[in-house]
Amino acid sequence: MEIKLEERSAAPPQLVVMGVSGAGKTTVGQALAEALSLQFVDADNLHPASNVAKMAAGIPLNDEDRFPWLRQVGAELDRFQGEGIVLACSALKRRYRDLIREQAAGTTFVHLSASERVLANRVIGRPGHFMPASLLQSQIATLEPLEQGEAGVTVDCSQPVAELVREVVSALTAAAPGAESHAL
């Protein structure tokens, strides 16, 4: 399914780089923030200690765990309204993204998508992260791709980071006022 970016105002963007573990949210988010001269925040750093401990123990989070965290993510995005921000957050379900948008209505989502094999190889090769490879399957099962009506774009994250950033910046530029809406 192709997703169209909403026409954007002249205000700096509020972007959430989303996807499952191993998609490269932090890496791509940091590179995108640098390219756009925006602040970068990793939503993993907004999790309460209880969520981190649960995931580190190999226990998937439930909605009761996620909802306060997602409200914090929305509040962080809203805090940078007018300045722009790039924030890395899994945002796996539509209702999670809706909860974020309740506090930060102008948010655009950048969904990093890849094959399960690519994702598994990345997660296995990532030492020291609190999210164990054993939880990848639960995230893949939970993922609801961007839907019609959601401001966002889906990109193949198996590409080099520089190419991903160019693709996203191009989509944002194409969706700017005066340009035709662009779908990827």
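Student: Which residue in strand 3 is the bridge partner of Val 41?
Tutor: Leu 87 is the partner of Val 41. Keep in mind that this is a predicted model.

Student: How many bridges join strand 2 and strand 3, and in which sense do they pair?
Tutor: Four bridges, in the parallel sense.

Student: What does the whole sheet look like, and in what order do the strands come?
Tutor: The sheet is open and has five strands. Their order is 2-3-1-4-5, with parallel pairing.

Student: Which strands stand at the edges?
Tutor: Strand 2 (39-42) and strand 5 (152-156) do. Each has a single partner strand, so one side of each has no neighbour in the sheet. On average, neighbouring strands are turned by 20 degrees against each other, ignoring direction.

Student: Which strands does helix 3 touch?
Tutor: Helix 3 packs on the sheet and touches strands 1, 2, 3 and 4. Its direction makes about 165 degrees with that of strand 3.

Student: And what about helix 7?
Tutor: Helix 7, residues 161-174, also packs on the sheet. It touches strand 1, strand 4 and strand 5. The angle between the directions of helix 7 and strand 5 is about 155 degrees.

Student: Zooming out, how many helices and strands does the chain have?
Tutor: Seven helices and five strands. From the N terminus, the elements run β-α-β-α-α-β-α-β-α-α-β-α.

Student: What share of the chain is buried?
Tutor: Buried residues are 45% of the 184 residues.

Student: New topic. At what angle do helix 3 and helix 4 pack?
Tutor: About 40 degrees, and their axes are 7 Å apart. The crossing is right-handed. Residues that meet there include Phe 67 and Leu 70 in helix 3, and Tyr 96 and Leu 99 in helix 4.

Student: Which residues of helix 4 are buried?
Tutor: Tyr 96, Arg 97, Leu 99, Ile 100 and Arg 101. The buried residues pack against strand 1 (14-18), helix 3 (63-79) and strand 4 (107-113).

Student: What does Asp 63 form a salt bridge with?
Tutor: Arg 95. The closest N and O atoms are 2.4 Å apart. This pair links distant parts of the chain, with Asp 63 in helix 3 and Arg 95 in helix 4, 32 residues apart. Arg 95 is partly exposed, at 43% relative accessible area.

Student: What about Lys 93, is it buried or exposed?
Tutor: Lys 93 is buried, yet it has no salt bridge. The nearest side chain of opposite charge is Asp 63, 4.5 Å away.

Student: Where does Lys 93 lie?
Tutor: In the loop between strand 3 (85-88) and helix 4. Apart from neighbours within four places in sequence, Lys 93 contacts Thr 142 and Glu 144.

Student: Which residues are linked with them in a network?
Tutor: The salt-bridge network links Asp 98 and Arg 101 with Arg 94, Arg 97, Glu 147 and Glu 150.

Note on methods. Residues are numbered from 1 along each chain as its sequence is written. This is a predicted model: local features need pLDDT of at least 70, side-chain atom pairs count only at pLDDT 80 or more; totals for chains, interfaces and linings use all residues. Side-chain values use heavy atoms; hydrogens and water are left out. Buried means under 20% relative accessible area, exposed over 50%, partly exposed in between (1.4 Å probe, protein chains only). Helices (H or I, at least four residues) and strands (E, at least two) are DSSP runs, numbered from the N terminus. Contact means heavy atoms within 4.5 Å. Lys and Arg count as positive and Asp and Glu as negative; His and the chain ends are not counted. A salt bridge is a side-chain nitrogen of Lys or Arg within 4 Å of a carboxyl oxygen of Asp or Glu. Two strands pair if DSSP finds at least two bridges between them. Axes are lines fitted to C-alpha atoms, for helices over the stretch in contact, and angles run from 0 to 180 degrees between N-to-C directions. A crossing is left-handed if the near helix is turned anticlockwise from the far one by less than a right angle, and right-handed if clockwise.
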